[in-house]
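Please look at the sequence and the structure before reading on.

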Amino acid sequence: MEFGEEPDGGSDRQKRKTRYHRHTPRQIQQLESMFKECPHPDEKQRMQLSREVGLDPRQIKFWFQNRRTQMKAQHERADNCFLRAENDKIRCENIAMREALKNVMCPNCGAPPISEDSYFDEQKLRMENTRLKEELDRVSGLTSKYLGRPITQLPSIQPLSISSLDLSVGGLGSPSVGPSLDLDLLTGGSSNMPFSFPTAISDMEKPIMAEMATVAMDELVRLAQSEEPLWVKQSDGREVLSLDAYDSLFPKPGNQFRAPDIRVEATKDSALVFMNAVSLVDMFLDSSKWIEFFPSIISKTRTIDILANGMAGRSGSLLLMYEELHVLSPVVPTREFCFLRYCRQIEQGLWAIADVSVDLSREIQFSTPPSTRRLPSGCLIQEIPNGYSKITWVEHMEIEDKALVHLLYRELVISGAAFGAQRWLATLQRTCERFACLMTVANSPRDIGGVTPEGKRSMMKLSQKMVNNFCASLSASQMHRWTALSGASDEGVRVTVHRSSEPGQPSGVVLSAATSIWLPVSCERVFNFLKDERSQWDVLSSGNSVQEVTSIATGSHPGNCISLLRGLNASQNSMLILQESCADALGSLVIYSPIEFNYIDIVMSGQDPTNIPLQPSSGFTILPDGRVGVPAGGASTSSNPMGSSYGSLLTVAFQILVSSLPSAKLNVESVSTVNNLISTTVQQIKAALNCPSG
C-alpha cells in the first residue's frame with residue numbers, strides 16, 4: 001500500500017468490504033517533488049496540490065505525514081549506524097591504547113605504571129571478599145548443624161589444595177597421601193554450578209538485538225553463497241575464509257585493529273543429510289534437541305530468552321542462547337558463547353539459521369569480557385526430494401588465546417578443524433542417520449539378535465543416555481576442572497569427581513579419570529581395534545573373549561552400531577555390556593556401560609528406558625591429530641611423538657561409582673585403582689597396535 005492510501009467508505013466501513021486506492025507513478029512523482037520543496041504544506045497548498053494530482057486533500061495530508069515519518073526513521077537509522085561505527089572505533093582505540101600502556105615503563109624505576117582503576121578494582125575485591133566471607137559463615141553454620149560439631153573440628157587442608165586435587169602418585173599409581181579427602185573440598189564437587197545470566201532482556205535492548213540478528217543474517221547468506229576469492233580451499237579439502245577478502249567485502253570499524261592475541265577461525269562446508277528441512281529447523285530452535293544431536297561438540301546449552309516467536313514458531317524466531325563447546329579431552333579448554341540465533345525462511349524450501357555473539361558481561365557483576373566471539377555464522381538448509389536436505393555450514397569465530405593449547409591438540413585446534421564447519425556437518429550427518437534408524441520399523445541386514453522395533457527404539461534411547469553421560473563427563477570447563485596425578489606413570493592421567501543425582505543414574509559419588517595420547521596409527525585402525533578386539537584391551541575381561549548377543553545398526557558406516565556384549569568371565573555372569581560405537585570423517589567414539597540382566601528384559605520389551613539406572617559410562621574418543629604429512633605408521637622415526645607423520649589422538653576415559661552414600665569421602669585407594677586401570681589399558685592398546693610404549 002502506498003503512502004496516503006485511504007480506505008473508501010465512511011461510517012459504515014466495517015459493514016462492507018474495504019477498498020483501497022493505489023497512487024499512480026505520476027501522482028507519486030508530483031507528491032515527491034512537492035515534499036522536497038515543502039515537507040509541511042499548509043491547508044491552502046494541500047488544496048492546490050489535490051487539484052493538480054486528482055487526490056482528496058485528506059489523502060494528501062496522510063501521504064505527507066507518512067512520508068515525514070519514513071524520512072525521520074531513515075535519519076535515525078543513519079544516525080544509529082554512525083554512532084555505532086564511532087563507538088566501535090573508540091572501543092578499538094581504547095583497546096589499542098590499553099595494549100600500549102601495558103608496555104609503558106616508569107623512566108625512574110623501570111616498573112609498570114599504577115593502573116588508574118586500581119582503586120575501583122580494590123573496592124570490587126573488597127566487596128567480593130565480604131560476600132565470600134558471608135557465604136562461608138552460612139555454609140559453616142549449616143555444616144555444623146548437620147555434623148553436630150563445630151566446623152573447626154573438620155580436617156584442616158592446605159590453602160592451595162582447595163582448587164586442585166593434590167595427589168602425588170608414586171610408582172604405578174600408588175598415591176602417597178594419608179587421610180581420605182572430603183568430597184566438598186574438591187573442585188569437581190561443584191562442577192554443576194549454574195552460570196549466571198540476566199533473567200530477561202529489557203524492551204530497550206530487544207530492538208538493538210533484532211537489528212544485530214538481521215545484519216548477521218544478511219552477512220551469513222552472502223558468506224554461504226560465495227566462493228573464491230572469499231573462500232580458499234586448503235590442501236586437506238577444507239574451505240577457509242580469506243581475511244583480506246572478508247574485510248574488503250564486509251568493512252567494519254576495528255577490523256584493522258585486531259589485537260595480536262586474537263586468532264580468527266572461519267570455515268565453510270556443504271553436505272547432504274537425511275532429514276527434512278523443517279525437522280532440522282525445529283532442532284536448531286530447541287536447545288534440548290540441539291545438544292542431543294551434538295553431544296560430542298556441545299557440553300552445555302540453554303535458551304536464555306525468546307525475543308521473538310516466528311510464524312509457526314520458525315521463520316522470524318529470535319532466541320538468546322548460551323552454549324559451551326568442547327573437544328572430548330580433559331586437556332582442551334571449552335569455549336563459551338552467549339549468542340543470538342535468528343531463523344528466516346528465505347524462499348520456499350530454503351531456510352537460514354544465523355548465530356552471532358552478544359556480550360552480556362555488562363549484566364553480570366565481576367564478570368570478564370568473553371574470550372571467544374562468534375561472528376555471523378550458521379547454515380543454509382535447502383530442502384531436496386526424498387527426505388534429504390543440503391546444508392551449507394559457516395563457522396566464524398574470533399578466539400583470544402589466553403592459555404596455550406596442549407601440544408597434542410595444538411594442530412587440530414589452531415587449524416580450526418576442532419570446532420570447524422566440517423566437524424559440525426560430519427556429526428550432523430551421522431546423527432541424522434541414527435535418528436532415521438530410530439524411526440524406521442524395518443530391521444537392517446546388519447542387525448543381529450531378532451530385536452523387535454519397539455525394543456530397538458528403547459535400546460537406542462538407553463544408549464543415547466549413555467553417550468550423553470559420557471560426553472558430559474569429559475568436559476574441561478572452568479566449573480569442571482581436572483587434576484593431573486603426579487608420579488612415575490607417563491600417561492598423564494587426570495581425575496575429577498562429582499555427585500550423580502540425575503534420573504536414570506545411580507546416585508552417589510563418581511570418580512572420573514582420563515588421559516589423552518598420540519598414536520602413530522590411523523583413526524580407522526584404532527577404532528576397529530577398540531570395537532572388535534575387546535579382549536586385548538579390557539583389563540576386567542582377563543583376556544577372555546566377548547560374545548555379541550545383539551547388534552543394531554545406527555548408520556551407513558559398518559562400525560556405527562549398538563551392541564549388547566556378554567563377557568565369558570565367571571565374575572560377569574550377572575551383567576551384560578551395553579556398547580555404542582560410531583565413526584565419521586572427523587572422529588569416532590566407542591562407549592560402554594555395564595547393565596544388569598533384568599533391565600535388559602525391560603528394554604527388549606520396548607518399555608520406556610528413562611528410569612533404568614545405568615552405571616557411569618566409560619570409553620574412548622578418537623580424533624585425527626590435524627597434521628598433514630606421510631600416512632600414519634609411515635617411515636618417520638622421530639623422537640618427537642608428533643614426528644613428521646600424522647596419526648590419531650586417543651582419549652581413554654573411565655568412570656567409577658565410588659560410593660552410593662552422599663556423604664562419602666574419596667580415598668586414595670579409589671584413585672590408585674582407576675590410575676592403575678587406565679595406565680594398564682593404555683599400555684595394552686599400545687602393545688596390541690605395535691606402538692612405542694614410551
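The sections below describe the cavities of this predicted model.

## Cavities in the model

The model contains 8 cavities with a volume of 30 Å³ or more.

## The largest cavity

Which residues lie nearest the centre of the largest cavity? They are Arg-430, Thr-431, Arg-434, Glu-580 and Cys-582, and they belong to a lining of 15 residues.

Several elements contribute to this lining. At least two residues come from each of the helices α8 (287–293), α10 (421–439) and α11 (453–473), and from the strand β19 (575–584). The largest share, 4 residues, is supplied by α10. Sorted by class, the lining of the largest cavity has 6 polar, 5 nonpolar and 4 charged residues.

## The second largest cavity

The second largest cavity is lined by 15 residues. Nearest its centre lie Ser-296, Leu-586, Gly-587, Ser-588 and Leu-623.

Here the elements that each give at least two lining residues are the helix α10 and the strands β19, β20 (587–596) and β21 (618–624). What is the largest share of this lining, and which element supplies it? The share is 4 residues, and α10 supplies it. By class, the lining of the second largest cavity divides into 7 nonpolar, 5 polar and 3 charged residues.

## Elements found in both linings

α10 and β19 each supply at least two residues to the lining of the largest cavity, and each also supplies at least two to the lining of the second largest cavity.

Terms used:
Residues are numbered from 1 along each chain as its sequence is written. This is a predicted model: local features need pLDDT of at least 70, side-chain atom pairs count only at pLDDT 80 or more; totals for chains, interfaces and linings use all residues. Side-chain values use heavy atoms; hydrogens and water are left out. On a 1 Å grid over the protein atoms alone, a cavity is a set of points where a 1.4 Å probe fits but cannot get out, and a pocket is an open set with protein on both sides within 12 Å along at least five of seven lines; lining residues have an atom within 4 Å of a point. Grid points are joined across faces, edges and corners, and a volume is the space filled by probe spheres set on the points. Ala, Val, Leu, Ile, Met, Phe, Trp, Tyr, Cys and Pro count as nonpolar, Asp, Glu, Lys and Arg as charged, and the others, Gly among them, as polar.
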